[in-house]
Amino acid sequence: MKSIYNKKPQVKGKEVTDLGLGSKIFDKKNRVINRDGSFNLKRKGLPFFESFSIYHWLISMSWFKFCSLILAAYLLVNIFFATLYFIGGDANFEGIQTNNSFDRFLNEFFFSTQTFTTVGYGRINPVGVYSNIISSIESLSGLLSLALATGLLYGRFVRPVAKIIYSDNALIAPYKDITGFQFRIANKRSDHQMVDTEVDVLLSRVENDALKFYNLKLEYKKISMFTATWTVNHPIDEESPLYGLTEEDLKEMDSEFFVLLKGFDDTFAQQVHSRSSYKYNEIVWGAKFVSVYGKSDDGETTIELDRISEITKIE
């Protein structure tokens with residue numbers, strides 16, 4: 001059985017009493033913080049729209065989902081207004097040169113898209129009160145919808161987000177003449193530099209049927225410039241809450257390591273955040289990270305970010 005110093009497990013380190021997660025034991029099948037930084041918490045007891053923000057949902061979803069949603073909304077709105085035009089009959093339009101119902105609906109659908117975007121090519125035009133009222137309502141809806149979509153698109157572009165790569169595993173590795181808990185991170189963006197970057201690592205474990213949190217003291221808690229990789233290291237000395245624990249102890253305590261990173265993005269001139277976690281089964285004992293640095297043909301230093309998780313076993 002692998003052990004840190006082969007000591008009996010002792011409760012060491014300064015406990016964090018208020019982390020905002022409570023002290024209730026979560027389902028051991030799930031982690032508290034997912035690898036992507038989201039929390040495994042589900043809020044109940046409030047009406048849906050009191051706890052749901054549609055704006056934050058729209059600017060934080062993936063680009064694929066956002067574009068799909070915009071396209072679906074655009075098609076549905078135009079199908080709705082085309083249906084209203086179709087119900088009004090042929091007498092409400094001039095310029096539709098077909099007697100086929102499906103072709104007429106298509107003409108009215110494309111007329112709806114032109115009205116919605118205020119393009120108006122002029123071949124088809126509404127005649128009568130009914131069609132003009134519907135087209136007027138659609139024009140106003142189109143102006144408001146396009147303004148809303150533009151605002152959301154702008155909000156997504158200007159929203160500062162930290163793009164941090166975390167190593168797949170954390171390590172229990174040699175550190176000076178003792179051992180240390182380590183993981184490696186890197187700034188994914190080459191055009192965005194982070195300065196005054198600070199990281200906090202907390203240990204979550206079950207003690208006496210309650211969830212306890214401990215702040216891990218780091219070799220370097222803050223770095224001035226985060227342009228390359230950073231191997232975050234927690235020395236496992238006699239004051240560490242990991243001191244004397246075995247691999248089995250971490251499993252029995254359902255241990256999870258929270259990583260909370262923040263830094264100043266000099267492009268957006270705002271502070272950005274990133275979160276992740278490592279469960280006990282994502283820790284490799286007796287290994288070290290492989291160097292990701294190299295040199296190009298013209299002598300420039302290179303960083304192979306696709307190798308950030310590569311490790312090698314050691315005795």
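These are short notes on a predicted model, point by point.

1. Confidence. The model is predicted. Its mean pLDDT is 84, and 88% of the residues in the chain reach 70 or more. Among the elements of the chain, helix α3 (residues 63–88) has the highest mean pLDDT, at 94. Helix α1 (residues 48–51) has the lowest, at 68.

2. A stretch to read with care. Over residues 5–9 the pLDDT stays under 50. For this stretch the model has 11 contacts beyond four places in sequence.

3. Aromatic pairs. How many aromatic pairs does the structure hold? The count is 14. Take F213 and F258 as one case: their ring centres are 6.0 Å apart. Their planes meet at 40 degrees, so this pair is tilted; stacked would need under 30 degrees and edge-to-face over 60.

4. What that pair joins. F213 belongs to strand β7 (residues 210–215). F258 belongs to strand β10 (residues 256–265). The pair therefore ties together parts that are 45 residues apart in sequence.

5. Are F213 and F258 buried or exposed? F213 has a relative accessibility of 4%, so it counts as buried. F258 is buried too, with a relative accessible area of 1%. The cut-off for buried is under 20%.

6. An aromatic cluster. Ring pairs also link F181, F183, F257 and Y278 into a cluster.

7. Arginine over rings. Which rings does R156 lie over? One is the ring of W63: the charged end of R156 sits 4.2 Å from its centre. Another is F66, where R156 lies over the face at 4.6 Å from the ring centre.

8. The β6–β7 hairpin. Strand β6 (residues 194–207) pairs with β7 in the antiparallel sense, over 6 bridges. E207 stands opposite A210 in β7. The hairpin has 2 residues between the strands. In this hairpin, N208 takes a positive phi near 55 degrees.

9. E282 in its loop. E282 lies in the loop between β11 (270–279) and β12 (283–285). What does E282 touch, leaving out residues up to four places away in sequence? Its contacts are R31, R35, D168, N169, A170 and S277.

Notes:
Residues are numbered from 1 along each chain as its sequence is written. This is a predicted model: local features need pLDDT of at least 70, side-chain atom pairs count only at pLDDT 80 or more; totals for chains, interfaces and linings use all residues. Side-chain values use heavy atoms; hydrogens and water are left out. Rings of Phe, Tyr and Trp (its six-membered ring) pair if their centres lie within 6.5 Å; planes under 30 degrees apart count as stacked, over 60 as edge-to-face and the rest as tilted. Helices (H or I, at least four residues) and strands (E, at least two) are DSSP runs, numbered from the N terminus. Buried means under 20% relative accessible area, exposed over 50%, partly exposed in between (1.4 Å probe, protein chains only). A charge sits over a ring if NZ of Lys or CZ of Arg is within 6 Å of the ring centre and within 35 degrees of the ring normal. pLDDT is the predictor's confidence in each residue, from 0 to 100. Contact means heavy atoms within 4.5 Å. Two strands pair if DSSP finds at least two bridges between them.
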